[in-house]
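User: I am new to this structure and would like to know the grounds for the terms used about it. Please set each value against its definition.

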Amino acid sequence: MFRSVFARTPQAVRTITTEAIKPPKTPINLAHLADNPGAVSERTRVGRGPGYGKGKTAGRGHKGQKARRGNGQPVPWFEGGQTPLVRRLPKRGFFNIHGKDYQELNLDRLQHWIQTGRIDATQPITMKHLLDSRCIHKIEDGVKLLSVGASTFSTPVTIEVSRASQKAIEAIEQAGGKIVTRYYNALGLRSLIHPEKFMQQPKLAAPLRQEEIKYYSDAKNRGYLAKEA
């Protein structure tokens, strides 16, 4: 009564012809190329008389701000001439042009990366190793080592970062490791992360700001300038 859903349907059989392909009766060139009918519409020409439908005021109506030429519509925060909201509200704070954005790295994450074999603890660890192993996902102005997981950190490592907290330094050294904090500017970080882009490695710049010189010259912070100071 009903046909089975598993009933076979006849399939088309492909046939291969051995006849030679005949050339067209009329020659074909680039002039025969054309888009589909209706795919291209004519540009609307305004201000060319009433016969086109967009003459005289050209679809802008009579007078008003939207009918004028030049600047057109005002900016989104324009409020008709009264003091806009963005100027009525007070401003607080400032943007520190000398501020640094360090990527935070906790000791528990570093310990996990070492235990899973993503970082070789027998070799000195730099910020490039941390980035290549995806322990951190980007380096903006450097890496700061923090002390979350300091109580369980037990692997002796030799690591170089931009900044480190005092508890993180104590945990690294209690485990038998060594930590050095080093200053890098933008060019120095680029040469560290992508050494293949330099025919000759540039000389690393020294810190210029007094705050940075004081930090990297302090042995308490394990700064690389502490021995030279």
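Predicted model: local features only at pLDDT ≥ 70, side-chain atom pairs only at ≥ 80, totals over all residues.

User: What makes Lys128 partly exposed?

Analyst: Buried means under 20% relative accessible area and exposed means over 50%, with partly exposed in between (1.4 Å probe, protein chains only). Lys128 has 24% relative accessibility, so Lys128 counts as partly exposed.

User: How do you know that Arg222 and Glu173 form a salt bridge, and what does the pair tie together?

Analyst: Their side chains meet at 2.5 Å, N to O, in a salt bridge. Arg222 lies in the segment after helix H6 (210–216) and Glu173 in helix H4, so the pair ties together parts that are 49 residues apart in sequence. Arg222 is partly exposed at 28% relative accessible area, and Glu173 is partly exposed at 34%.

User: Which residue does Arg88 pair with, and is Arg88 buried or partly exposed?

Analyst: Arg88 meets Glu79 in a salt bridge of 3.2 Å, N to O. Arg88 has 45% relative accessibility and so counts as partly exposed. Glu79 is partly exposed as well, at 29%.

User: Why is Ser151 called exposed?

Analyst: Ser151 has 74% relative accessibility, so Ser151 counts as exposed. Ser151 is found in the loop between S2 and S3. Its C-alpha is 9.3 Å from that of Leu107, although Ser151 and Leu107 are 44 residues apart in sequence.

User: What makes a set of residues a nonpolar core, and which have the most contacts inside the largest one?

Analyst: A nonpolar core is a set of buried Ala, Val, Leu, Ile, Met, Phe, Trp, Tyr and Cys residues joined through side-chain atoms within 4.5 Å. The largest has 31 residues, and those with the most contacts inside it are Ile119, Leu130, Ile139, Val143, Leu145 and Ile179. Elements that give two or more residues to this core include helix H2 (107–115), strand S2 (143–146) and helix H5 (186–193). A second, separate core has five residues, among them Tyr183 and Tyr224.

User: How many helices and strands are there?

Analyst: The protein has six helices and five strands. Helices (H or I, at least four residues) and strands (E, at least two) are DSSP runs, numbered from the N terminus.

User: How does the radius of gyration of the protein stand against that of a compact globule?

Analyst: The radius is taken over C-alpha atoms, and the globule rule is 2.2 Å times the number of residues to the power 0.38. A compact globule of 229 residues would have a radius near 17 Å, but the protein has 36 Å.

Key. Residues numbered from 1 in each chain as written. Heavy atoms only, no water. Salt bridge = Lys/Arg side-chain N within 4 Å of Asp/Glu carboxyl O.
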